[in-house]
Amino acid sequence: MSTEIQINSDQLEDAPISRFEALKRVLRQSPMSFRIGGAIMFVHVFIAITGPFWAPYDQATIFTGPPLMGMSWEHLFGTDMLGRDVFSRVIHGAHLVIILSISGSFLGVALGTALGLLSAYLRGWFDEVVMRLIETLISIPYLVLALLLVTAAGPKYSGEPTLVVLVVAFVFAPRVTRLARAAGLDVVMNDYVTIARLRGESAWSVIWRELLPNASGTLLVEFALRTGYAPVLIGTLGFLGFGVAPPNPEWGLMISEYRDLVLASPVVVLAPALMLASLIIGLNMWTEGLARILGRSVRHEE
Amino acid sequence: MNNSSPYLARLEEIHLSYRHDESWLKVLQGVSLDIAPGEVVGLVGESGCGKSTLARLLLGYRHPSSRIESGRAILEDVDLLGLERNSLDGIRGRRVALVPQDPTTALNPSMRVGAQIAEVLCEHGDEKSEEEITARIIELFENVGLPNPEFLVKRFPHQLSGGQQQRVTIAMALACNPSLVVLDEPTTALDVTTQDQILRLLVQLRSRLGIAMLYVTHDLGVVAQIADRVCVMYAGHVVETAATERIFSEPRHPYTRGLIGSVPRLDLDQDKTARPLRGLLRRSQLPKGCPFQPRCDFTEPSCAEVHQHPVEVASDHYVACQRWQHVEQEEQTRLKDVPESSPVTELDGDDPLVEFDDVSLSYSQPGRLDKLIGYSPLTVVHDLSFTIRRGEVVALVGESGSGKSTIAKAVSGLLPPCKGQIKFNGKPLPGQLDGRSEEQKRTIQYIFQNPDSSLNPRARVRGALGRPLAKFFAMKVSEITSKIAAALEEVRLPKTYAARFPDQLSGGERQRVAIARALVAKPSLLLCDEALSALDVSVQANILSMLEDFKKDREVAMLFISHDLAVVRSLADRVAVLFNGLMLEIGDTSAVYAPPYHPYTYALLQAVPDIERRNEMHENIIEQETSSGGRACPFAGRCQWKLGSQCETTPPPWRKVTGKHSIRCHRELDNLTALATD
């Protein structure tokens with residue numbers, strides 16, 4: 001052939017840079033909120049992972065000192081009305097909050113994504129039914145919905161951490177579904193989805209191979225933001241007494257339990273409250289920064 | 001205007017770079033260009049050569065991530081590059097204006113088109129009162145040949161056709177009587193017939209208003225119709241500048257010769273003076289010397305080292321090539337070595353692969369109630385009957401909206417016919433995709449127009465090609481890897497491309513991957529839906545020659561959809577011409593391209609920008625875009641050879657020219673021949 005294209009190896013100079021290089025580049029250009037939030041999160045995660053090994057007392061041991069003794073070197077945050085060490089309880093509670101938040105929002109995002117993308121791909125009556133249902137759920141205020149679910153689960157399961165995870169997932173899922181559907185509708189328009197359909201691929205295969213990778217930018221951002229909201233919801237549930245059951249050192253629950261002591265020994269209430277606040281602020285800053293990075297890289301590729 | 005200066009606009013030794021990650025990529029390297037008052041200059045080059053960047057400098061526009069190292073952009077003695085934003089606002093629109101490529105994105109969809117032009121007039125124009133502005137808009141609309149201006153100013157962009165939208169953007173550019181208009185690929189997004197009308201309009205405006213134009217395009221065929229002078233760019237360098245007449249009769253630079261060779265031609269018999277280009281423009285591997293050296297057939301070792309300066313080879317003819325004197329001779333000897341391409345092989349026997357039997361297609365399926373009241377939905381394609389034989393390439397040609405893609409969709413199973421039946425391999429083909437067998441899904445493969453949209457941006461080439469192999473042949477991973485390498489080789493891509501993502505490929509390479517993906521399924525029918533329309537002419541020529549090879553080697557039948565008769569000329573065995581969902585002519589390729597023509601086929605042929613017919617634009621007629629009413633013959637509204645009322649009342653009959661060539665028209669065949677040869 002006279003029009004043969006001769007391609008030699010030096011044309012590959014612009015070959016893709018490695019993932020590690022790309023990651024380094026992203027971190028170097030990351031926004032300030034991402035770095036500060038990341039630092040706060042690092043401290044929290046460090047406490048959550050290692051805390052149980054160096055906490056001075058067990059979270060449930062009573063009479064480690066006199067009740068309500070205030071701040072001291074033995075008891076950094078004082079003791080509660082049962083003489084439990086508040087510092088140890090706060091440390092022990094860290095991993096509980098983080099695990100509950102992440103697993104709850106992950107489950108919610110996973111459920112919502114699956115349903116939303118399926119809705120976007122199938123359209124028709126399935127889409128109509130799913131969307132009306134989702135709209136009904138969204139119209140219920142999220143706290144009311146959460147309390148309804150806890151009550152519906154009955155006393156047998158109330159106080160179980162698993163129930164809290166399920167409640168968080170269920171509250172988040174409808175909102176994620178709408179978002180995933182919108183992202184999916186954008187992708188479905190593309191010819192590669194039509195090609196996959198013409199190939200006779202099943203709906204799940206199309207969603208997994210064609211829709212999910214292209215909607216993942218939006219969905220990761222959503223996951224990050226939801227993980228930021230989750231501690232608020234879990235803390236609120238705990239405070240209202242619908243979260244995990246009492247001996248657990250969950251921070252919202254602790255605030256609720258100690259709220260009468262705010263005058264007698266303020267540090268007892270302030271410690272879990274400040275921890276919860278710093279976690280929420282850290283998570284929010286970090287996820288917002290992450291969302292910006294992901295949003296930028298999504299835009300960059302287009 | 002200062003009459004002492006011979007130039008209206010002048011770009012001097014522009015060096016410009018774009019930020020690319022953390023380094024600067026040189027995009028323009030010492031480019032100079034002059035435009036005289038009232039002159040039309042064509043700026044030609046492939047995608048990525050920097051022609052749009054250069055053209056926009058004349059508007060004082062610089063991309064935020066670009067940097068000008070040196071050079072001046074002078075318009076009427078003002079250096080635009082040194083101006084502040086405020087002073088630029090006084091020049092843009094008033095003295096220089098832009099007509100962008102895609103009118104659908106250039107017009108605000110939520111504003112009436114008249115109001116959008118009024119905005120320009122309020123900002124830059126001399127008209128003050130509302131009446132003056134309205135009168136001016138109507139005058140502009142008349143100038144650009146829009147019918148019913150009083151009515152059209154109140155329309156929204158989506159209520160206009162693509163051609164009308166582009167006329168509106170031209171009217172907008174002309175609003176304040178600029179002395180220079182920069183046209184950035186203004187017809188690339190349009191059909192050939194619409195493109196022809198826009199070009200005619202520009203020629204007419206230019207002779208009437210005396211506006212200078214810079215016409216940016218990748219298509220030399222278009223430039224031949226309109227430009228006085230042509231400037232050819234490659235990788236940020238001007239490689240050749242000459243008067244239009246000279247550049248086509250005596251092209252000197254190898255790149256110009258290649259571009260000319262790439263323009264699709266209607267007449268295959270004519271001796272080609274040059275061969276199409278090979279390879280691609282890659283910024284990452286430019287040599288120190290001549291940027292074209294890696295793709296050039298005439299290089300000597302020093303080309304890669306020595307920087308090429310433009311040399312004046314004749315009066316006002318500049319070439320940046322040290323070997324320009326040898327190019328002509330060497331090309332002649334090389335062309336003789338190339339074996340004559342064999343004529344279209346006659347297919348033996350009548351072995352139908354796809355048969356359309358009285359098929360009608362519609363996007364809305366009639367509901368139960370519609371059936372009760374006898375309502376029939378709007379059909380897009382009416383009563384279509386034809387066959388595609390095994391290994392045959394049938395081209396479907398027509399303007400957008402003629403129903404070509406709808407036919408491809410029906411074959412692929414995306415749109416079941418509302419009447420009639422499609423047979424495949426002698427058996428009825430289920431209308432719905434779900435009803436089709438795995439085998440049928442495999443043997444019918446689709447290639448879309450836009451490779452950006454037909455490849456998953458998150459999947460590597462390996463994934464795109466591997467999936468059909470895994471799905472249809474249940475192959476093992478090791479087998480798939482070797483098959484992918486073979487498939488890439490077949491579309492002339494290196495096998496290392498398997499690891500790339502689509503955004504690391506050029507448009508032409510992406511389309512090759514899309515073709516490879518269709519071919520790995522070993523199809524017996526390829527549906528090519530405008531598969532070449534989104535590509536540069538030079539890339540088009542390469543892929544076309546590749547498809548021709550597949551036709552010979554693999555005996556795959558194709559339904560090749562295009563709006564351009566010139567593109568399908570060398571590939572198709574048979575051509576079917578479609579207008580508004582009705583087939584008007586069908587026959588062997590050689591027969592369709594010779595008289596007698598159907599009036600519409602003739603109009604399509606006339607619209608093809610042909611290098612041979614350069615600057616023969618008739619300036620007297622502006623074809624007003626009329627809606628093609630005609631209940632009987634859909635083309636009656638636009639037909640230049642319309643007979644009379646019978647065209648609008650009685651459906652035209654099929655007339656047999658030869659055994660396989662038929663024309664659907666009221667006129668007698670002899671009459672049609674006579675009209676075409678006049």
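Helices, here, are DSSP runs of H or I with at least four residues, and strands are runs of E with at least two, both numbered from the N terminus. By that reading, chain A of this predicted model has 10 helices and 0 strands.

**Fold and overall form of chain A**

- Followed along the sequence, chain A reads α-α-α-α-α-α-α-α-α-α, in keeping with its count of 10 helices and 0 strands.
- The radius of gyration of chain A is 24 Å, whereas a compact globule of 302 residues would have one near 19 Å.
- Taken along the principal axes, the box filled by the C-alpha atoms of chain A is roughly 95 × 50 × 25 Å.
- Among contacts in chain A between residues at least 6 apart in sequence, those that join residues at least 24 apart make up 70%.

- Of the 302 residues in chain A, 46% count as buried.
- The accessible surface of chain A comes to about 14900 Å², and carbon and sulfur atoms account for 69% of that area.

- Arg89(A) has its place in helix H3 of chain A, which covers residues 86–122.

**Salt bridges between elements of chain B**

- Lys419(B) and Asp358(B) meet through their side chains in a salt bridge, with an N to O distance of 3.9 Å. Lys419(B) belongs to strand S16 (residues 419–424) and Asp358(B) to strand S13 (residues 352–362) of chain B, so this pair ties together parts that are 61 residues apart in sequence.
- Both of these residues fall in the partly exposed class, Lys419(B) with a relative accessible area of 37% and Asp358(B) at 33% relative accessibility.
- A salt bridge of 3.5 Å, N to O, joins the side chains of Glu438(B) and Lys471(B). Since Glu438(B) lies in helix H15 (residues 438–443) and Lys471(B) in helix H17 (residues 461–473) of chain B, the pair ties together parts that are 33 residues apart in sequence.
- Glu438(B) counts as partly exposed at 37% relative accessibility, and Lys471(B) likewise counts as partly exposed, at 22%.
- The side chains of Arg554(B) and Glu490(B) meet in a salt bridge at 2.8 Å, N to O. This pair links distant parts of the chain, with Arg554(B) in helix H20 (residues 537–554) and Glu490(B) in helix H18 (residues 477–490) of chain B, 64 residues apart.
- Arg554(B), at 27% relative accessibility, counts as partly exposed, and so does Glu490(B), at 31%.

**A salt-bridge network in chain A**

- Glu128(A), Arg132(A), Glu135(A) and Arg178(A) are joined into one network by salt bridges that share partners.

Note on methods
Residues numbered from 1 in each chain as written. Chains lettered and ligands numbered in written order. Predicted model: local features only at pLDDT ≥ 70, side-chain atom pairs only at ≥ 80, totals over all residues. Heavy atoms only, no water. Rg over C-alpha atoms; globule rule 2.2 N^0.38 Å. Buried < 20%, exposed > 50% of the residue type's maximum accessible area, 1.4 Å probe, protein only. Contact = heavy atoms within 4.5 Å. Areas by Shrake-Rupley, 256 points an atom, 1.4 Å probe, with all protein chains shown as cover. Salt bridge = Lys/Arg side-chain N within 4 Å of Asp/Glu carboxyl O.
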